[in-house]
Amino acid sequence: VSRRLGFRLLALIATTATVTTSAPCEYRTLVAHANKVLGANWDAELGATLTSHGAPRVLDTTTSLLAAYANAKQQPDRARTEFMSLTGAQWSNGMLPRHIYAPSLAASLWIEDELIPGPLAWNVTGVSAAATSGLAALPLFSIVAERIYDETYDSSPHTADAVSFAESVFDSLYKYHDYLHTERAASDGGDGLVILYHPWETELPTTSPVFAELMREARASGGLANWTAAADDSFPPQQAALADFPGNATFGSELALAQCIRAQRYDSAKIERHCPFLLQDVQFNSVLQAADQALWRIVKLIENFGSASKAQATQSRIKNVKGWAAKKPVLGLWSQARQTYLSEFGTGENGGAPKLSPVDVEVVSNLAALYGGSLPGSQRDALTFSMMSSGGSGSFQCGSYPVPACGCAECPAFDGGVWMVQNHFLERGLRLNNAVSVADWVRNASINLVCNTSMLEDPSSIHADPWGFHRAFDQVTGAPLPDVHGNTSTAAAAAFVLTMREDATDPSKPHAPVGHSVVLALMVVELGLAFAVGVGCLVTSILMMRKLRRERDAPLLFPQRRQAERQSSAVQRQEEHQERQQQQQQERLLSDDADAPVDQLMPDTEAPMGIVGFVASSVTLIPGLRWLRRGRGASAAGGALPLASEATTNVGRWPKATCTSVIWDWPWPMPHPMRLPIPECDSQRDCG
């Protein structure tokens, strides 16, 4: 819980981390300078970008792919050309090599200012027509191909070129993925994980202490005994003067391992049995996982938009590509105990199946698991927490600038620096996992690192010093680390451009391409329509409110109200007229009967008249007569006269004593109430 809460707090702090720089350090200016570096490092004869200005004509595939990736938007033609140059060196077994040498260097054993040996040391004759190394390239190809397709499709004159490009590179992409998932797959299944045969196939710096430890294990296993003695003395002294030289023991072991791989004629099964270096690297497998998904999307767009013949040709491969894309092999490298991803290593000695165990060292490539796609939330939080926390095991916050090549506690004596390429992979992986605040924090750090060394003066050309596009920087001071590629590193410039620019979210576009100006015009029109609708609703509401107010304050102004008022007045006048007529009739009756004797008002006492009839006739003759009911009893004074409703609803027999007398209270003044006799009821008949 404390780790998760700490991550939330650090993420909140990261959102406030902004770049406070002067105007010349504005990131668009830096991107423009980075594009100048890429343009200056272009080699037209090789059709690709060299590692730095004036560098030997050796192509590092990762560097060239990043350059093609960065050029895809501004120079799609150059990006396609570079991509095709790299895939043109593909081996017969489908492998795409890490290093490609210019034809003029084909007979070179060592190349000046290059740490790795030349093509003569690899001797790839028979497996490749080009001069290459015997190492596998980082599988960025499908990711970059998808990007080039996407950017080319957005340019309407090149829409057909985009589909044609995807069709032309699919075979190379499929063969490389098939090679990795078959020949490089772990012999125990591994759930899609692939194995590397050499430290130079990873993206970690060659001076990383993790390689020193792994090469000691490889040498101790005895698997390099046949090549170690020759390799220790086989490199020239000037190699040790290079900035990325890892030391005599480590470098000699790496050369012996390269000779072991060459001796097996690059046969994967033999290499796993005889060469003691088998590594399931987190970063390599994470990039392959993302590339498998990109290759699946390329298959779908060829199905939907490609030619019928090409779509038919891909049908036999769809099942394999779909199976690769459905897996998430990187999840198998998660260490629950360490709460991080760890690569696994084995020596494969004794000719048996390789037994791999976790490499318990925190390095930046472990964090690159984010690049492979969406991770479980708890794992994402654990990685970002270690990335941003300082002190303790697994922390990477060792200075002012993130993210160093090695953890603070694991590599206290190693200043691996902050590598621009690794920051690109981390920034993109964080965004894929919705850790946007932390991604912004890494991006701002990259801007600050470049800015601190690039804008101290106004350079007139890319050769002017200082220039900020170094491969690595000190994580404490931000100063560039010594490097053979100097301050015009292609990898650093391309990674900076990519870090500053978002990827497209939907590579396949079934609709017609639309230019940015058209999109902007549509947005303006939609905003105008939305504003007009809003104003119309507001005006309508105001008018309705005013109408309701007038109706309330002046109701007679409305015809319906006037008609209702007239009808109400007519009814009221009619009721008043009827009431006056009734009053006049009562007055006439009272005035006519004022002097009449009582016996004329009452019926004959001898007549057998019931109480109900008597009351009805009395009420009819004398309107306004009020009579009082007495309580029921046996005496005349206490007797009671039942109402007509009571009399008619009573089904029983009343005793004779109950019908005795009634006192009538006349409405005009009299000297005393009059007691009038009422016929007694016979016991055999109803009193009513």
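Mentor: One term before we start: a salt bridge here is a side-chain nitrogen of Lys or Arg within 4 Å of a carboxyl oxygen of Asp or Glu. Also, this is a predicted model, where local features need pLDDT of at least 70, side-chain atom pairs count only at pLDDT 80 or more, and totals for chains, interfaces and linings use all residues. Residues are numbered from 1 along each chain as its sequence is written, and side-chain values use heavy atoms, with hydrogens and water left out.

Trainee: What about R431 and E427, how far apart are N and O?
Mentor: Their side chains meet in a salt bridge at 2.4 Å, N to O. Both residues lie in helix 17 (residues 420–432), 4 residues apart, about one turn of the helix. Helices here are DSSP runs of H or I with at least four residues, strands are runs of E with at least two, and both are numbered from the N terminus.

Trainee: Is E427 buried or exposed?
Mentor: E427 is buried, with a relative accessible area of 1%. R431 counts as buried too, at 16% relative accessibility. The cut-offs are under 20% relative accessible area for buried, over 50% for exposed and partly exposed in between, with a 1.4 Å probe and protein chains only.

Trainee: What does the E203 and R98 pair look like?
Mentor: Those side chains form a salt bridge too, at 3.2 Å from N to O. E203 sits in the loop between helix 7 (159–182) and helix 8 (209–220), while R98 is in the loop between helix 4 (76–87) and strand 4, so the pair ties together parts that are 105 residues apart in sequence. Both E203 and R98 are buried.

Trainee: Switching topic: where is Y371?
Mentor: Y371 lies in the loop between helix 15 (364–367) and helix 16 (377–388). Y371 is buried, at a relative accessible area of 5%.

Trainee: What is Y371 in contact with?
Mentor: Leaving aside neighbours within four places in sequence, the contacts of Y371 (heavy atoms within 4.5 Å) are L140, I143, S286, V287, A290, F425, R428, G429 and L432. R428 also belongs to that salt-bridge network.

Trainee: Which residues of helix 2 are buried?
Mentor: L30, V31, H33, A34, V37 and L38. They cover an arc of only 160° around the axis, which puts them on the same side of helix 2. That arc is taken from the directions from the helix axis to the C-beta atoms.

Trainee: What about L105, buried or exposed?
Mentor: Buried, with a relative accessible area of 15%. L105 is in the loop between strand 4 (99–101) and helix 5 (119–122), and L105 contacts R57, V58, I111 and P119 once neighbours within four places in sequence are left aside.

Trainee: Last one, the whole protein: what share counts as buried?
Mentor: 48% of the 688 residues. The protein has 24 helices and 14 strands. Of its contacts with a separation of 6 or more, 69% are between residues 24 or more positions apart.
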